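Subject: Handing over the model

Hi,

Here is the structure I promised to pass on.

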Amino acid sequence: MAKYDTAALQQFNFDRVLNEDPITHALTILGSLPVRGTSERAQAIVRIEKTPLTSDHAEQLLTAQLKDVKLIESTDIYTWLLGWLNASADRPDVKINIIHPATEVHIRKYSRQEVVVVHETPDLFERIVRPYISAFPPSRTQWVENILNGVSEAEKVLFRDPSPDLGYLILPDMKWDLTTVSSLYLIAIAFNRGIRSLRDLNKTHLGMLKSIRREAARVVMERWGLGYGSLRMFIHYQPSYYHFHVHIVNANYQGLHGMSAGQAHLLDDIISLIECDPNDGPSVLQRMTLTYVLGEQHGLYEPMKTAQSELGFY
């Protein structure tokens, strides 16, 4: 595993900005970094996000941590200032995520893009989406295999059910800074490699889904004191990678694009839908039409957009 310290990051050669997000205060840039052990360089995506302020040292924020201010405007009882805080080992300024080497698929995924709403019927899933999912090589989810097999991030695992069919593990998501409870973000990853997306779920998976709901609530209660009802658990469709996983986020954490309608499906709703299924035959998730948004850089964008004309919805 490559090591990235200040000296390594200072060798970054900037190419262009892929995206800037004023909601999450993040900037995603493309460039290149040296490949460890060689004289070559490879494309790198670096996402830099300002870390949130926490209430841990709120009483000292203005009295001890404020370094300087600059007046923007003042009128009557209202004043606006720009401010700078002192450097602190306990309060990092930014969180940095690195993808290196980055492929063209990664670059398209992290680039700013327009979206379109599409309707995926069971027929379109079989004709367009299933072949698209099946075409992904195992190397695309090797990082998931490394987590499941304990090769990487083993020390971060919060819960593990080792059952090969209905087991899963829970660990912090890479989007979380591991510190700010108000933005807590965990992920549950299934051991069953046959569940690629929510389209594959049926009644045989109810035990796993309910266990994820139950154990996630227990873990955050015991470790961070968050009470029941404090979590928003959801499943993406289309997901960013085709190995079944559930997002587990502090319910008070707002503004994430991945929580919007057209991508996120609440775990509770998925469980309720499957409970309405008969005991045999295709599940409701295999029979229903799913509506979601696709970015113009997504591999399904063109074929799914073209196929909408045959549906006669509009």
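Below is what I found, from the overall picture down to two spots in the chain.

A word on the ground rules: this is a predicted model, where local features need pLDDT of at least 70 and side-chain atom pairs count only at pLDDT 80 or more, while totals for chains, interfaces and linings use all residues. Residues are numbered from 1 along each chain as its sequence is written, and side-chain values use heavy atoms, with hydrogens and water left out.

Overall, the protein has 8 helices and 14 strands (DSSP runs numbered from the N terminus: H or I of at least four residues for helices, E of at least two for strands). Its C-alpha atoms fill a box of roughly 65 × 50 × 50 Å along the principal axes. Of the 314 residues, 39% are buried (under 20% relative accessible area, with exposed meaning over 50% and partly exposed in between; 1.4 Å probe, protein chains only). Take the contacts (heavy atoms within 4.5 Å) between residues at least 6 apart in sequence: 61% of them join residues at least 24 apart.

Now for the helix pair. Helix α5 (residues 206-224) packs against helix α6 (residues 267-275) at an angle of about 155°, and their axes are 10 Å apart (axes are lines fitted to C-alpha atoms over the stretch in contact, and angles run from 0 to 180 degrees between N-to-C directions). That makes α5 roughly antiparallel to α6, a label used for angles over 145 degrees. On the α5 side, Leu206, Leu209, Lys210, Ile212 and Arg213 meet Leu267, Asp268, Ile270, Ile271, Ile274 and Glu275 of α6. By class, this contact has 7 nonpolar, no polar and 4 charged residues.

Leu206 sits in α5 and is buried, at 12% relative accessible area. Leaving out residues up to four places away in sequence, Leu206 touches Ile271, Ile274 and Glu275.

The other spot is His100, in the loop between β6 (94-99) and α2 (104-110). His100 counts as buried because its relative accessibility is 17%. The His100 side chain makes a polar contact of 2.8 Å with the side chain of Tyr4 (N or O atoms within 3.5 Å, one able to donate a hydrogen and the other to accept it; residues adjacent in sequence count only if both atoms are side-chain atoms). The side chain of His100 also reaches the backbone oxygen of Leu33 at 3.1 Å. Beyond four places in sequence, the residues His100 touches include Pro34, Val35 and Gln43.

Cheers

Terms used:
Parallel < 35°, antiparallel > 145°, perpendicular 65-115°, else oblique. Nonpolar A, V, L, I, M, F, W, Y, C, P; charged D, E, K, R; others polar.
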